[in-house]
Each structure stands twice: as C-alpha cells, then as structure tokens.
Amino acid sequence: MLRKIRILLWALVAVAIAGGGAYYSLGRQLPTPSLAIGGPFRLAASTGDVVDSEKLKGRPFAVFFGFTHCPEVCPTTLHEMSSALGKLGDDGKDLNVLFITVDPERDTIEFMKSYLTSFDPRIVGLRPTPEELPQVAKAYRAFYEKVPMSDGDYTMNHTALVYLMDRQGTFFGTLDYEEKPEVRLTKLRRLLKEGQSRSR
Ligand code: NI
C-alpha cells in the first residue's frame with residue numbers, strides 16, 4: 001500500500017513537472033531552459049544495437065523507466081504498451097517504444113532481451129551504464145532510487161510515467177499508470193498523427 005502511495009506521489013510530481021514543461025513550451029519565457037523534458041541519449045539496446053535519440057527523429061517514440069525485477073508497475077506498463085501496440089496495428093508502425101532500466105546492475109542486455117520476449121517485440125530495452133543513467137533520468141525528470149529489503153536484496157522505486165516524444169524529439173505528453181486503455185490509445189493516435197504531414 002505504502003509503495004503504491006509513493007509511486008502515485010511520484011507520478012503526480014512528474015505530471016506536475018511535465019505540465020509545467022508543456023506550459024512553458026507554449027511560448028512563455030523560459031526561466032530555466034532545462035525545464036524541457038527529454039534530451040539526447042545514446043544507449044545500448046536489447047537488440048544488440050545502440051539506440052541514438054538523433055536517429056529516432058522523424059518518428060515519435062514512447063519511453064519509460066523501470067527494471068525487470070519490478071513486481072508490479074513495470075510488467076503492468078509493458079503489458080499495457082503491448083496491448084496498445086496490438087490495437088494500433090499497422091497505424092503504430094512509426095512508433096518506437098523504449099524501456100530504460102534504472103537497474104543496470106542486474107539488467108544486463110541479455111537479461112533484458114529474454115525478459116522482453118514476454119511482451120510486444122517492438123518494445124526495445126535500453127541499458128544505460130551506471131554513469132549514463134543519472135544523465136538520461138535527469139533529462140526526463142524521472143525519479144529512481146534503490147531500496148534495500150530486509151532479506152539483503154533490493155528493489156527500485158521509480159517514476160511510473162510513459163513519456164511521449166514527437167517526431168522532432170520534443171515532449172508531447174505522458175501515459176499514466178493504469179489509465180483507461182481507450183485514453184492511452186487516443187493519446188498514442190494523437191502522437192502518431194502529430195507532425196505527420198510536416199515530416200512527409
Ligand atoms: Ni517498475
């Protein structure tokens with residue numbers, strides 16, 4: 001219960017920040033340009049390749065943070081994204097979906113690759129190095145923390161939002177944890193439609 005409340009609180013913080021970012025991007029003077037959500041990254045991927053945010057340009061993407069040992073939030077999010085991709089079908093072919101681990105210690109490329117076989121094959125896992133992780137998380141205003149457990153093991157708390165980025169790599173909005181599938185689909189369709197004429 002406490003975990004759920006913490007996740008919810010962090011999601012609210014992230015939504016507030018995201019809302020602020022979107023508000024500022026409407027042409028207000030930027031007191032701090034760093035308020036924008038997102039930023040360049042180049043990370044090792046579960047496909048065996050490297051994913052470079054520069055090369056994603058021209059197509060929208062959805063990105064979220066988590067870890068494969070996550071008991072609830074991540075598998076649910078991955079399941080929800082898989083289901084959305086299934087429903088989008090061919091309409092979703094432009095969409096890249098990225099899952100960035102906040103637990104690179106345990107989430108090796110091999111481990112992520114095998115874990116992700118349970119979900120839509122279009123979802124790509126990214127593994128930042130321990131040095132890269134704080135940078136990419138900061139760029140997305142994503143929170144994560146290691147939480148020791150009584151048995152000597154550990155778990156991770158993390159932001160439960162899915163960030164939607166448009167074809168230019170600019171923050172577009174979020175998908176929220178356990179929101180209605182119809183709402184999620186509407187947001188994704190809007191993202192896929194946005195800027196389509198401009199890029200073609
Ligand atoms: Ni999780």
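Which residues in α3 meet which residues in α6? The close-up views below, taken from a predicted model, start with that contact.

**View 1. Residues of α3 meet residues of α6.** On the α3 side, look for E80, A84, K87 and L88. Their partners in α6 are P181, R184, L185, L188, R189 and L192. Sorted by class, the residues of this contact are six nonpolar and four charged, with no polar ones.

**View 2. Helices α3 and α6 cross each other.** Helix α3 covers residues 73-88, and helix α6 covers residues 181-193. Two packed helices are described by the angle between their axes and by the distance between those axes. Here the axes come within 10 Å and cross at roughly 60°. The two helices are therefore oblique to each other. The crossing of α3 and α6 is right-handed.

**View 3. The largest cavity holds about 40 Å³ of space.** Rolling a probe the size of a water molecule over the atoms shows where empty space is left. How many cavities of 30 Å³ or more does a search of the whole structure find? There are three, and this view shows the largest cavity, with its volume of about 40 Å³.

**View 4. Nine names to find: T77, E80, M81, A160, V162, L175, D176, Y177 and R184 line the largest cavity.** Helix α3 gives the largest share of this lining, three residues. By class, the lining has five nonpolar residues, one polar residue and three charged residues.

How values were computed. Residues numbered from 1 in each chain as written. Predicted model: local features only at pLDDT ≥ 70, side-chain atom pairs only at ≥ 80, totals over all residues. Heavy atoms only, no water. Axes fitted to C-alpha atoms, helices over the stretch in contact; angles between N-to-C directions. Helix = DSSP H or I, 4+ residues; strand = E, 2+ residues; numbered from the N terminus. Parallel < 35°, antiparallel > 145°, perpendicular 65-115°, else oblique. Left-handed = near helix turned anticlockwise from the far one by under 90°. Contact = heavy atoms within 4.5 Å. Nonpolar A, V, L, I, M, F, W, Y, C, P; charged D, E, K, R; others polar. 1 Å grid on protein atoms, 1.4 Å probe; cavity = no way out; pocket = protein on both sides within 12 Å on 5 of 7 lines; lining within 4 Å. Points joined across faces, edges and corners; volume = space filled by probe spheres on them.
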